[in-house]
Amino acid sequence: MRTIDTIYIDGAFVTPHGDDRAPLFNPATEKQIGEVRLGDADDVNHAVAAAKRAFPAMAHTTPAERAVMLRRLHKAVAARADDMFAAMVEEYGAPSSFTGFSVQHAAALFEDMAKTVETYAFRRTIGRAEVSMEPLGVVAAIIPWNSTLGFIASKIATAIAAGSTIVVKPSEMSAIQTQVMAQAVHAAGLSKGVINIVNGYGPIVGAALSTHPDIAKISFTGSTMTGRAILTAAAQTFKRVTLELGGKGPQILLEDADLATAIPIALASGFVNSGQACVAGTRLLAPESRLDETLARLKDHIETLKVGAATDPNAQIGPMVSQKQWERVQSYIRLGIDEGATLLTGGEGRPDGLEHGWFVRPTVFADVANQMRIAREEIFGPVLCVIPYRNEAEAIAIANDTSYGLQSYVLSSDLDHAKRVAGQLQAGRVVINGAPHEPLAPFGGFKQSGIGREYGAFGLDGFLEPRAVLS
Ligand code: ADP
């Protein structure tokens, strides 16, 4: 049993004032593996005060100095890759492909941001005005449990690039991963108070940050419902916000797609991070003319996907993070059946041979109408809805008929055709034929998938405020 009983404030690991304890579980075994002591509003006050003291010096650093800090963070995080991998396996249980990506991605984010700082136009001349891009002040980052390492890294990296200081509140379910990241941050040796990390519950620590008068900006990743609460709280003091929220990503399978390659890509996009991903492509829009073939191939391919613990190198789908998430997915599978969708494969309960662990059966629903709740609400598990369409215009209309707009997908054997369709989708990102992540391209949502963008220069814009001096 691990006990995590410190938080990171003002350059030191300190005992929190709060004394709530949250259990930590291995989702593949359901066994408790540890306990974390959580901070409270008092701890938030200390962390924000430390970040506020550190801000003036940080705001006066040059872009070159910030790039040096980012590269120190990159090195320190990369040095802990093995420990981060182990923590993620134990506490989160994602398949090794996702865990490997996450660990590498977390370190790379600092290097990517160093490159951004080196090319970003912090000073611009517009007519007689000299415009400088100024840091906003102390930033708060509020983070979910489904990609802890990457989210902590991207938000810290952007704050440093901007010349800000930061207080990070991760999910209480990610305390082991957070601990390794906090140790790496400490090892990077930045000035005290620049980076602070406070474990705690959302309605306590998250809410204290969202209302704190000395927080200038909130960068939040999580559910649309919590994003709305944070936006409302932040409005009282006009905090700037970057919100990366939910999604119900459409994948348009065009009529010309080669199904032998498209179906494995569609399932990988639908079940990415075991379906616990805001970017997951959870609505597969299939042409009626090729529906039977599509369903047959989906059924065949899904049977080749192995569900299992992160310790199994062949597992492609891991457990849900918690009992609560497992039950949530089960309830949506029941709902789909009640709503009249046809269960093509999967269903309630655990996959054969897995009696323990929060594993769910990868599930595909056919005959889904876009108005059903399973097609409109984020399920956050490996559940794919297949929605037939008659023609391309209808496919685009169905794709855009959602309150979300984070990431959409197009599958086609004709790239120009795919791009024409992509250009009509209301989404912050459109991925064609499973294209890989592009680290410096903007990421974020249209509509209720959020406000603002992350990564690269677009991400940095959201952490800066222009000041124009006229002479
Ligand atoms: P998830 O279920 O994916 O964790 P949430 O949106 O509920 O999504 O949580 C994301 C983050 O927001 C977590 O760190 C959580 O503790 C925090 N959070 C939850 N409720 C609030 C709130 N009212 N104010 C601020 N942060 C919150």
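Predicted model: local features only at pLDDT ≥ 70, side-chain atom pairs only at ≥ 80, totals over all residues.
Residues are numbered from 1 along each chain as its sequence is written, and side-chain values use heavy atoms, with hydrogens and water left out.

Around the ligand there are 17 residues, of which Ile 143, Trp 145, Lys 169, Ser 223 and Thr 226 come nearest; a residue belongs to such surroundings if one of its heavy atoms lies within 4 Å. Polar contacts, taken as pairs of N or O atoms within 3.5 Å, involve oxygen of the ligand: a polar backbone atom of Ile 143 is 2.7 Å from a ligand oxygen, a polar side-chain atom of Lys 169 lies at 2.9 Å from one, and an N or O atom in the side chain of Thr 226 is at 3.1 Å. Of the 540 Å² of accessible area that the ligand has on its own, the protein covers 78%, as computed by the Shrake-Rupley method with a 1.4 Å probe.

Helix α7 (202-211) supplies at least two residues of this shell, as do β11 (215-221) and α8 (224-235), and α7 gives the largest share, four residues; helices (H or I, at least four residues) and strands (E, at least two) are DSSP runs, numbered from the N terminus.

In helix α3 (residues 81-91), Met 84, Ala 87, Met 88, Val 89 and Glu 91 are buried, that is, under 20% relative accessible area (1.4 Å probe, protein chains only). After α3 comes Gly 93, with a positive phi near 80°.

Conventions. Polar contact = N/O pair within 3.5 Å; in protein donor to acceptor, adjacent residues only side chain to side chain. Buried < 20%, exposed > 50% of the residue type's maximum accessible area, 1.4 Å probe, protein only.
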